[in-house]
Amino acid sequence: MWRTELTGNSSGRMRLTVLGGFLGSGKTTWLRHQLHHGLFEDAFVVVNEAAETPVDDALLAKSAQLAVLAGGCACCDGKADLVALLRKICDDRSRTDSRGSRLERIVLETSGLADPGPIAEAIRDDPVLVHHIVVGEIVATVDALHALSQLRGEPLGRRQIETADRLIVTKVDEADETELTRLLATLRRLNPGAAISGAIRGSQAPLPPFEGVEPESLSDLANAADRPPIFPAKLVIDETIDWTAFSVWLSALLHARGDDVLRVKGVVRTSAGRLLVQSVRRIVQSPEILPEQTSGPEREDGVIAVIGRGYREEDLRRSLRYFAGAGRT
Ligand SMILES: [Zn+2]
């Protein structure tokens, strides 16, 4: 057995699907929909959040086997944790082998800050994992509304597109058609080999033809490397928060700093129940009420992650306290 693996026979190795895409591009929505329709149902799902608050595990309850990697991005500071988790999955799989059912597939939902390249490298370079896991496909979700501006300014956004085998353009029903076709032509230029499809809330959706459309001319991003790094800040929100005041604060923050605040996400307890609050750039999504039950010890209500750059975590806390009287430090 060891021999066949050494000769590079990939049969017997698990296939890993890496699901990436920029912050707020709809990775979880897409994955949740696939799970709901029985795709990946035999897969072990690993969810990685760069912020310390994994909220997606509640949304992904449809998967039979799931693990959450929280507190570090799997392509950089969380890489060792990812390798340890994958080794454990391989270990457990060898033990269940004798009973007949064999895990064939792993899906890794990366954080929106992850570069899939180093993740694939970490698996290839690990002496254990390389014999048990093959990176089968890199999928990236692409936000029809925000991707062009991300591609202009974010080197990471470009790398995510360039390394993908499959690009799923999300929110296509909300995009202006001229903008959408320009995005599609730009994606095609950045990654001529990738399959491109459209999605609306996870379901496959048709894309307009874009042959002959002029792609966005993207400047080189030499200066972008000097910008402050993107980091996750964590705000603790207790149940006494004035919800209206919180909404006002969030709108004001996004209005003033929408280019720096890339993503806001978290679960807040209110009198209406547990609310999932999210924004992408300046767009606040309408809050979604989550089921009461919690899915694991990793769950943390009352914490909002604000991911962005160019401000200090304590300034966010101070302004939230000022507006809403909440946000303990
Ligand atoms: Zn990373």
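Predicted model: local features only at pLDDT ≥ 70, side-chain atom pairs only at ≥ 80, totals over all residues.

**Entry 1: the antiparallel sheet.** I began with an open sheet of 5 strands, ordered S9-S13-S10-S11-S12 and paired antiparallel. I then checked its edges: strand S9 (231-236) and strand S12 (283-290) each have a single partner strand, so one side of each lacks a neighbour in the sheet. From one strand to the next, the twist averages 15 degrees.

Strand S10 (residues 261-270) and strand S13 (residues 303-308) are antiparallel, with 6 bridges. Val264 stands opposite Val306 in S13.

**Entry 2: H10 against H11.** Staying with H11, I looked up its helix neighbour. Helix H10 (residues 243-257) packs with helix H11 (residues 313-324) at an angle of about 135 degrees, and their axes are 9 Å apart. H10 and H11 are therefore oblique to each other. The crossing of H10 past H11 is right-handed.

Which residues meet there? From H10 I listed Ala245, Phe246, Val248, Trp249, Ala252 and Leu253; from H11, Leu316, Ser319, Leu320, Phe323 and Ala324. I sorted the residues of this contact into 10 nonpolar, 1 polar and no charged.

**Entry 3: the mixed sheet.** I moved on to an open sheet of 8 strands, in the order S3-S2-S4-S1-S5-S6-S7-S8, where the pairing is mixed. S3 and strand S8 (203-205) stand at its edges with a single partner strand each, so one side of each has no neighbour in the sheet. Neighbouring strands are turned by 25 degrees against each other on average, direction ignored.

Helix H2 (residues 27-36) packs on this sheet and touches several strands, among them S1, S2 and S4. The direction of H2 makes about 140 degrees with that of S1. I also found helix H9 (residues 177-190) lying across S5, S6 and S7, at about 165 degrees to S6.

**Entry 4: S1 and its partners.** Is strand S1 (residues 14-21) mostly covered or mostly uncovered? Mostly covered, I noted: 7 of its 8 residues are buried. With strand S5 (residues 133-143), S1 pairs in the parallel sense over 8 bridges, and Gly21 stands opposite Thr141 in S5. With strand S4 (residues 105-109), S1 also pairs in the parallel sense, over 5 bridges. There, Leu19 has Glu109 of S4 as its bridge partner.

S4 also runs parallel to strand S2 (residues 44-49), joined to it by 4 bridges. Phe44 has Ile106 in S4 as its bridge partner.

**Entry 5: a loop residue.** Ala64 sits in the loop between helix H3 (56-59) and strand S3 (65-70). Buried or exposed? I wrote down exposed for Ala64, because its relative accessible area is 68% and the cut-off is over 50%.

**Entry 6: the whole protein.** To finish, I took the totals. The protein has 11 helices and 13 strands, and buried residues make up 52% of its 329 residues. Of the contacts with a separation of 6 or more, 74% are between residues 24 or more positions apart.

How values were computed
Residues numbered from 1 in each chain as written. Heavy atoms only, no water. Axes fitted to C-alpha atoms, helices over the stretch in contact; angles between N-to-C directions. Helix = DSSP H or I, 4+ residues; strand = E, 2+ residues; numbered from the N terminus. Parallel < 35°, antiparallel > 145°, perpendicular 65-115°, else oblique. Left-handed = near helix turned anticlockwise from the far one by under 90°. Contact = heavy atoms within 4.5 Å. Nonpolar A, V, L, I, M, F, W, Y, C, P; charged D, E, K, R; others polar. Pairing = 2+ DSSP bridges. Buried < 20%, exposed > 50% of the residue type's maximum accessible area, 1.4 Å probe, protein only.
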